[in-house]
Amino acid sequence: MEDPGLPPTGTPIRAPTGTPLWTPPGSQRVSPAAERLLHILLDDDSRPTPTIFTEMDTLQSEGGELEWKETARWVKFEEKVEEGADRWSKPHVSTLTLHSLMELRTCLQTGGIVLDLEGDGLPQIVEEIVDRQVSDGLVAPDLKEQIIFVLLRKHRHQTRKPIHQSLAGIGKSSSASAPTRSPQVNLSHSSASGTHHSTEDLHCRQASSLSRQHLAQSRSMNDISDTPSTDQMKNKFMKKIPRDAEASNILVGEVDFLSKPFVSFVRLAQATTLGGLTEVPVPTRFLFILLGPHGKTKSYNEIGRAIATLMVDDLFSDVAYKARDREDLIAGVDEFLDEVIVLPPGEWDPKIRIEPPKKVTSAEMRKSVLNLNELGQMNVSAGAGGEDEEFPAPHELGEELQFTGRFGGGLWLDIKRKVPWFCSDIYDGFHIQSISAVLFIYLGCITNAITFGGLLGDATDNYQGVMESFLGTALAGTVFCVFGGQPLIILSSTGPILIFEKLLYEFSKSNQIDYMELRLWIGLHSCLQCFVLVLSDASYIIKYMTRFTEEGFSSLISFIFISDAIKKMVGAWKYYPINRGFKPDSATSYRCDCLAPDQASALGFNVSAPLGDENMTLLFNLTGLDWSQLGKKECVRLGGLLVGGSCKYVPDLALMSFILFFGTFSTTVALKKFKFSRYFPTKLRSLVSDFSIMISILVFCGLDLLLELDTPKLLVPTEIKPTRPDRGWLVSPFGKNPWWWYLLSSVPALLVTILIFMDQQISAVIVNRKENKLKKGCGYHLDLFWVGVLMAVCSLLGLPWYVAATVISVAHIDSLRMESESSAPGEQPQFLGVREQRLTGILVFVLTGLSIFLAPVLQYIPMPVLYGVFLYMGVASLSGIQLWERTKLYLMPPKHQPDFPFLRHVPLRRVHLFTLVQILCLVVLWVLKSTVLAIIFPVMILGLLVVRKLLDFMFSQHDLAWLDDILPEKDKKKKEKKKAEPESDEECC
């Protein structure tokens with residue numbers, strides 16, 4: 001085999017056919033190979049190309065017998081057999097030499113190509129391959145028997161044995177090492193990879209069978225079993241290979257009866273299981289055979305690795321399946337060469353195995369480049385450091401937010417879109433992952449219900465409390481998950497609604513207006529206003545909310561969760577202060593006595609504890625009571641006085657509470673990351689990661705139970721009755737307020753409607769992001785319709801109002817993420833999407849309603865543990881937000897900054913300026929939320945849209961495309977401009 005000559009300096013690199021392998025960046029010329037590939041790949045896309053498992057076997061001698069030994073395999077990345085350690089190497093990226101690729105191209109040009117060969121067994125296939133080579137004059141007829149004999153030798157695979165079998169074989173391998181290796185040394189003086197029989201040996205073995213050719217072939221077939229062996233069937237490596245995979249077998253070896261290489265590329269008409277040929281029982285579709293004379297072992301192996309790497313390449317595998325002739329295959333190699341990136345030999349160590357990347361360019365993206373006639377420039381753009389396109393992929397919201405222009409048109413389309421999926425939304429939820437999601441979100445919901453219920457009780461004088469919060473959460477959440485357009489959204493009370501309720505109650509109290517009746521009419525007006533928004537397709541304005549608005553809103557809600565969790569824990573210091581002055585050595589001198597009121601006055605103590613009316617009579621009748629035996633709470637209740645140094649002593653429960661709080665949070669984070677560790681099998685790691693929240697909660701609940709400390713526990717109502725005794729479950733709409741309030745209530749209802757609309761729809765946009773790969777569609781109009789209905793129902797029952805909770809909804813999405821089960825060795829599991837169903841949401845809210853009956857069990861859960869869950873929700877929802885990735889750039893020197901796409905296209909000072917604007921907007925929103933001005937909070941969310949519009953005057957559309965999203969009208973103008981450019985070019989011509 002001749003080495004291809006190098007071109008003179010200054011000449012373009014060309015393939016042997018004369019087709020340029022590289023074109024200047026400014027040239028739009030497309031090579032004939034690229035045009036050929038375009039027709040091959042785009043003409044017939046009816047069936048998907050199966051995944052290819054590639055195995056490379058080399059011809060070696062073992063104990064004086066020829067055999068094929070497995071030396072490497074590919075599913076996506078390369079794994080080599082470590083000869084000394086007798087195991088597989090770590091998966092790594094294949095590094096090939098340009099010389100091996102050019103030699104492979106020559107092999108395909110001069111060797112045999114057999115496409116769509118019919119064959120049921122390996123002997124028949126091998127004989128047909130050799131016969132065609134003989135008929136084409138590529139092989140001498142007298143070599144046929146010897147080539148068939150070599151190709152039908154048995155195959156020894158590198159299978160991982162159980163440890164007890166490996167230990168048992170240590171003695172055997174050591175005792176058999178001498179006779180096994182000595183023939184290898186004697187039989188091959190020029191082979192670096194193994195040994196081979198001489199011509200005399202092969203003739204000797206075949207002398208008795210040359211007169212009976214058919215019998216000889218039958219005997220040679222016996223070296224390879226016709227059916228897969230037991231070891232092949234039980235090989236655990238099958239779990240890493242997709243079910244529809246097909247195999248390509250690479251056979252490379254040296255023999256001394258050939259004077260020139262024997263090369264054959266074969267594609268079978270139907271994938272066929274060829275017995276013991278392959279390590280795993282995967283049907284074979286492709287064969288590549290390279291037999292050559294002695295002296296070029298390394299060259300043959302590199303050619304074998306080159307074709308194996310091409311066979312697992314997504315684009316070349318498509319070409320191999322759809323190739324019509326030899327030229328199609330060569331065009332596929334040329335395309336591969338166009339994309340090859342050369343590493344200078346003096347700047348890296350070829351012995352280093354490159355770790356598999358976390359993300360690679362998809363085959364669809366590479367095909368789209370072919371379709372855009374940019375194949376010749378891919379190498380240039382890759383060498384320049386990445387994507388050099390002017391604009392990134394646009395942010396698309398889908399057809400759900402298209403303005404129909406018809407009365408209720410959007411709502412009708414939402415219903416038509418969701419009804420076909422209703423049954424699958426139920427049975428798709430029957431999965432073990434759903435159990436983890438239900439328990440996780442359930443604990444988040446009941447914690448939220450108790451927290452907001454308690455705050456509502458304080459704000460409304462118990463007109464709404466924990467009981468109303470539990471029942472309202474259960475009712476609204478269940479109805480929404482059953483009938484809503486996006487059942488992955490979780491409804492909950494929110495901070496802005498709490499502030500509105502507080503201001504409304506104070507207004508009603510100061511103006512002597514019945515709070516519950518006024519609230520009912522506000523809810524009814526808000527319901528009608530939501531219906532107007534739904535029927536007029538008003539949700540389409542959400543498409544003007546770019547990443548700038550989404551990130552500002554979601555960051556604000558995440559910080560609310562984080563700050564609320566920390567505030568609750570800081571409050572523990574007030575109830576359980578640290579005993580700074582306590583000295584353990586002086587414990588004997590500490591005491592606490594309860595003195596009667598008259599005794600305390602006689603001793604000169606100031607008794608100022610107020611007494612209730614119910615205790616006044618009791619006080620005068622307790623003259624014979626032994627006050628020294630009373631407990632601390634009973635003494636204070638009866639008006640006594642606590643005297644002594646240890647009266648204010650409490651155990652350090654605040655410290656224990658913080659241990660439970662941060663322990664739950666940190667353990668959950670660690671267990672979530674456990675999926676990506678190197679310990680234990682993949683399924684166990686995935687299971688631990690899915691149930692990380694529950695494991696953390698159980699561990700720290702057990703720790704609290706073991707120490708028996710009186711930490712604050714979860715208190716759930718045990719009776720179904722209104723928190724305030726003087727109100728019922730139905731609110732009367734008439735009779736308590738003047739009639740004009742029924743009309744005036746539409747004004748505050750407008751603020752509530754804006755708040756609900758913005759909160760609900762922004763949360764829905766975040767949930768429905770294309771990054772989540774949702775396949776069943778969404779329903780913005782249908783969601784808002786049911787939120788409006790629930791507004792009226794909850795107002796009538798005196799229950800809190802509910803809207804989409806961003807943080808809990810994002811946590812629900814994350815807990816239902818699906819990843820590929822059979823990922824290739826070294827390949828990161830592929831994110832497949834989210835388990836879209838209604839069952840988890842329904843179960844969460846049903847359990848919330850049943851929590852009243854689960855109070856005996858729930859009372860053992862410490863509140864700090866649940867606050868740790870709150871903290872995790874807030875922190876986890878911040879991940880993936882570009883705003884915080886850009887914020888961290890302020891603290892990084894440029895050389896240490898990550899390789900973000902926007903840093904390649906936008907100057908760093910412009911990135912910092914854009915980030916600063918976002919941070920300032922977030923600070924303004926936080927200040928407004930924390931003051932009385934929180935009532936205009938929903939209007940300020942709309943203000944973010946105004947700020948984003950003003951950014952068009954501060955930043956170019958190019959910068960905004962990378963840092964944010966281009967507004968729809970700008971995007972439209974950009975497309976129209978691109979369409980107009982070709983037309984103007986044609987006119988000029």
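Phe 661 is buried, at a relative accessible area of 1%; buried means under 20%, exposed over 50% and partly exposed in between, with a 1.4 Å probe and protein chains only. Phe 662 is partly exposed, and its relative accessible area is 44%.

The model is predicted, so that local features need pLDDT of at least 70 and side-chain atom pairs pLDDT 80 or more, while totals for chains, interfaces and linings use all residues. Residues are numbered from 1 along each chain as its sequence is written, and side-chain values use heavy atoms, without hydrogens and water.

**Rings**

The whole structure holds 22 aromatic pairs. Phe 661 and Phe 662 form an edge-to-face pair, because their ring centres are 4.8 Å apart and their planes stand at 65°. Rings of Phe, Tyr and Trp (its six-membered ring) pair if their centres lie within 6.5 Å, and planes under 30 degrees apart count as stacked, over 60 as edge-to-face and the rest as tilted. Phe 483, Phe 531, Phe 785 and Trp 786 are linked by ring pairs into a cluster.

**Charges over rings**

A charge sits over a ring if NZ of Lys or CZ of Arg is within 6 Å of the ring centre and within 35 degrees of the ring normal.

| Charged residue | Ring | Distance to ring centre |
|---|---|---|
| Arg 73 | Trp 88 | 3.9 Å |
| Arg 519 | Trp 801 | 4.4 Å |

**Whole chain**

Of the 989 residues in the protein chain, 50% are buried. Among its contacts (heavy atoms within 4.5 Å) with a separation of 6 or more, 79% join residues 24 or more positions apart.
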